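Here is a short note for a colleague opening this model for the first time. Please keep the structure in view while reading the points.

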Amino acid sequence: RDLPKEEWLRFFDELGGLGVMKVILTGGEPFLRDDLPLLIDGIVRNRMRFSILSNGALIRDETAGFLTATRRCDVVQVSVDGSGPSTHDIFRGAGSFEGAVRGLETLMRHGVPVTARVTIHRGNVGDLAATVRFLLVEMGLPSIGVNAAGTLGSCQRNGDQVLMTVSQRQEAIESLLRLADAYPGRIQAMAGPLAE
């Protein structure tokens with residue numbers, strides 16, 4: 001469950017009064033909220049900047065235009081877990097790769113700062129090099145982040161299908177080290193195999 005709009009707006013007023021400078025909107029999926037523009041207006045009114053973590057599928061031209069017009073959006077991070085539907089859609093759902101790519105393209109067309117986050121799991125370890133190449137070269141993203149599926153939420157309930165084995169984790173570390181050398185400064189990690 002999520003808070004109603006009025007409570008979020010009061011919370012943003014409180015954050016603004018405390019001198020908070022940045023907030024990150026995440027979910028679930030923030031763009032599912034019909035009142036998201038009103039929430040963002042509350043953030044902007046309180047002189048804060050914001051970032052959004054999304055799956056990208058619901059981002060349209062009017063949404064991207066609105067984000068640009070705020071002049072307060074630091075970045076929209078879109079989850080992309082593969083170089084194509086065969087790896088991305090394994091755990092994100094059929095059609096989600098196309099939605100993520102469409103969302104990224106729409107944001108880029110409107111000049112919204114973007115990045116992608118690759119969550120490494122059992123089904124995409126072997127696709128890391130192609131995924132990084134797709135995002136950084138073919139899509140032209142300035143940088144991406146990587147992490148690994150962990151024991152939270154549905155990953156916890158389905159760990160035997162999602163979580164990497166020890167050998168897959170080693171494969172991911174070796175692959176990411178090579179990719180970090182090939183794309184200096186363009187792959188970030190706060191958690192997961194590269195951070196380790």
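1. Pro37, Ile40, Asp41 and Val44 in helix H2 meet Phe66, Leu67 and Thr70 in helix H3; contact means heavy atoms within 4.5 Å. By class, this contact has 5 nonpolar, 1 polar and 1 charged residues. Here Ala, Val, Leu, Ile, Met, Phe, Trp, Tyr, Cys and Pro count as nonpolar, Asp, Glu, Lys and Arg as charged, and the others, Gly among them, as polar.

2. This is a predicted model: local features need pLDDT of at least 70, side-chain atom pairs count only at pLDDT 80 or more, and totals for chains, interfaces and linings use all residues. Residues are numbered from 1 along each chain as its sequence is written, and side-chain values use heavy atoms, leaving out hydrogens and water.

3. H2 covers residues 36-45 and H3 residues 61-70. Helices (H or I, at least four residues) and strands (E, at least two) are DSSP runs, numbered from the N terminus. The two helices pack at about 10°, with axes 11 Å apart. Axes are lines fitted to C-alpha atoms, for helices over the stretch in contact, and angles run from 0 to 180 degrees between N-to-C directions.

4. An open sheet holds 6 strands in the order E1-E2-E3-E4-E5-E6, with parallel pairing. Strands pair if DSSP finds at least two bridges between them. E1 (22-25) and E6 (187-188) stand at the edges with a single partner strand each, so one side of each has no neighbour in the sheet.

5. E5 (residues 144-148) pairs with E6 over 2 bridges, in the parallel sense. Ile144 stands opposite Ile187 in E6.
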